[in-house]
Amino acid sequence: MKTQFEVGIIGGGIIGQSIAYQLAKEGVSVLILESNKIGNGATSAAAGMLGANSELENNDAFFQFAKESQQHYHVLRDELSQISQINIQFVDKGMYKLAMTDAEASALKDVVKYHESVEWHSKEVVLESEPTLSATIKGALYIPEDGHVSPYHVCAAFSKSARLLGATILENTPVHEIKKTVTNEYTLSTPVTDFVCKNIVIANGVWSGHFFKKLGLDAGINPVKGECLSIKSNDIGLEKTIFYDHCYIVPKGDGRFVIGATMVEDDWSTVPTIGGIQSLIEKVTPIIPSISSAQLIDTWAGLRPQPIDGKPYIGQHPEGENIYFATGHYRNGILLAPKTGLMIRDLILNRKQNEDYVKAFSVNRLQVQTMR
């Protein structure tokens with residue numbers, strides 16, 4: 001077994017796989033070490049919504065980064081399919097962000113003034129497009145760019161493509177310790193064997209906090225449990241993703257719909273609760289009354305990695321060592337995966353970076369703000 005690599009990535013979810021794919025494309029020898037199964041954590045729990053416009057409200061570096069990542073899915077759809085023969089199920093039919101009150105309608109209409117890519121649709125226009133929705137809505141913000149993908153298929157496509165390009169991916173291989181060698185490389189100790197890497201990337205989501213501490217950093221990541229359910233119904237004919245009050249309904253094209261998600265802070269359990277699922281049903285029923293007769297297919301839960309300020313950590317160790325972080329993507333891991341892979345690739349290969357992104361996602365940004 002090969003034990004020396006240029007880059008070792010800890011974490012085999014969609015973020016780690018995206019990074020491995022981009023590096024393998026450049027001929028870099030890459031190792032992914034996943035403690036469980038590939039994409040078995042937050043990736044498998046996500047609905048795959050690409051909500052750059054619906055989730056983010058400030059026109060800052062984070063928003064621009066998210067928009068670029070969202071657009072890169074148009075490239076990846078064909079690129080990954082050609083290499084891996086896996087369809088990532090990219091659906092580009094847009095999203096309706098609903099208003100249920102006059103105040104919400106007024107607020108969404110104001111958004112149109114500042115964002116050219118969105119439109120206000122009246123109640124009549126919305127119901128003509130999506131007659132399944134309740135007649136009590138006041139209208140909706142139409143966001144044509146916010147589509148969705150299948151997280152499972154995206155992660156699998158990244159993984160297979162990376163392997164075909166030369167990456168080594170090991171499942172059920174947790175990293176217990178990271179040690180710096182006398183030659184300024186890093187030894188990753190696992191139950192299988194020790195691996196030596198010139199660069200390492202911490203990309204294991206909510207469990208990254210362990211390595212932050214081990215590497216002398218005080219950048220907290222907290223778990224936020226998200227519960228979801230899937231239903232099937234022939235009476236619901238949604239074309240677009242529906243979003244309201246941090247709750248989404250994502251049509252998967254086969255009569256199946258994914259509904260999520262709760263936000264339970266500091267909960268490490270990945271088992272959904274009756275209360276959590278009930279809260280989602282109660283939130284969605286006024287929007288789509290016919291949902292009460294739908295067939296319940298499944299329920300599940302995952303852990304979102306939440307940094308203190310809600311922005312991911314994407315960058316190099318503050319002391320300039322060959323340690324990189326790509327974690328803390330919170331509610332937007334699927335959306336941000338493409339651009340995160342590109343950014344970490346360019347950092348490792350010493351390519352020119354967008355300095356606004358470097359500052360926005362730096363590991364020590366909170367300490368810097370405090371010092372100011």
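## Basis

Contact means heavy atoms within 4.5 Å. This is a predicted model: local features need pLDDT of at least 70, side-chain atom pairs count only at pLDDT 80 or more, and totals for chains, interfaces and linings use all residues. Residues are numbered from 1 along each chain as its sequence is written, and side-chain values use heavy atoms, with hydrogens and water left out.

## Overall fold

The protein chain has 12 helices and 17 strands. These are DSSP runs numbered from the N terminus: helices are H or I with at least four residues, strands E with at least two. The radius of gyration is 21 Å, close to the 21 Å of the globule rule for 372 residues, so the chain is as compact as a globular protein of that length. That radius is taken over C-alpha atoms, and the rule is 2.2 Å times the number of residues to the power 0.38.

Along the principal axes, the C-alpha atoms fill a box of roughly 70 × 45 × 40 Å. Among contacts between residues at least 6 apart in sequence, 72% join residues at least 24 apart. Buried residues make up 54% of the 372 (buried: under 20% relative accessible area, 1.4 Å probe, protein chains only).

## Nonpolar core

A nonpolar core is a set of buried Ala, Val, Leu, Ile, Met, Phe, Trp, Tyr and Cys residues joined through side-chain atoms within 4.5 Å. The largest has 47 residues; Ile9, Ile14, Tyr73, Val201 and Ile344 touch the most other members. Elements giving two or more residues to this core include strand 1 (4-10), helix 1 (14-25), helix 4 (61-84) and helix 10 (333-348). Helix 10 gives the most, with 8 residues.

Tyr73 has partners beyond four places in sequence, among them Ile14, Leu50, Phe90, Val149 and Pro338.

Phe5 lies in strand 1. Phe5 is buried, at 5% relative accessible area. Leaving aside neighbours within four places in sequence, Phe5 contacts Ser29, Val30, Leu31, Thr168, Phe195, Val196, Cys197 and Lys198. Phe5 and Asn199 are 194 residues apart in sequence, yet 8.4 Å apart C-alpha to C-alpha.

Val118 sits in the loop between helix 5 (102-114) and strand 4 (119-122). Val118 is also buried, at 6%. Not counting residues up to four places away, Val118 touches Val111, Val112, Leu141, Tyr142 and Ile143. Val118 and Tyr142 are 24 residues apart in sequence and 5.7 Å apart in space, C-alpha to C-alpha.

Terms used. Buried means under 20% relative accessible area, exposed over 50%, partly exposed in between (1.4 Å probe, protein chains only).
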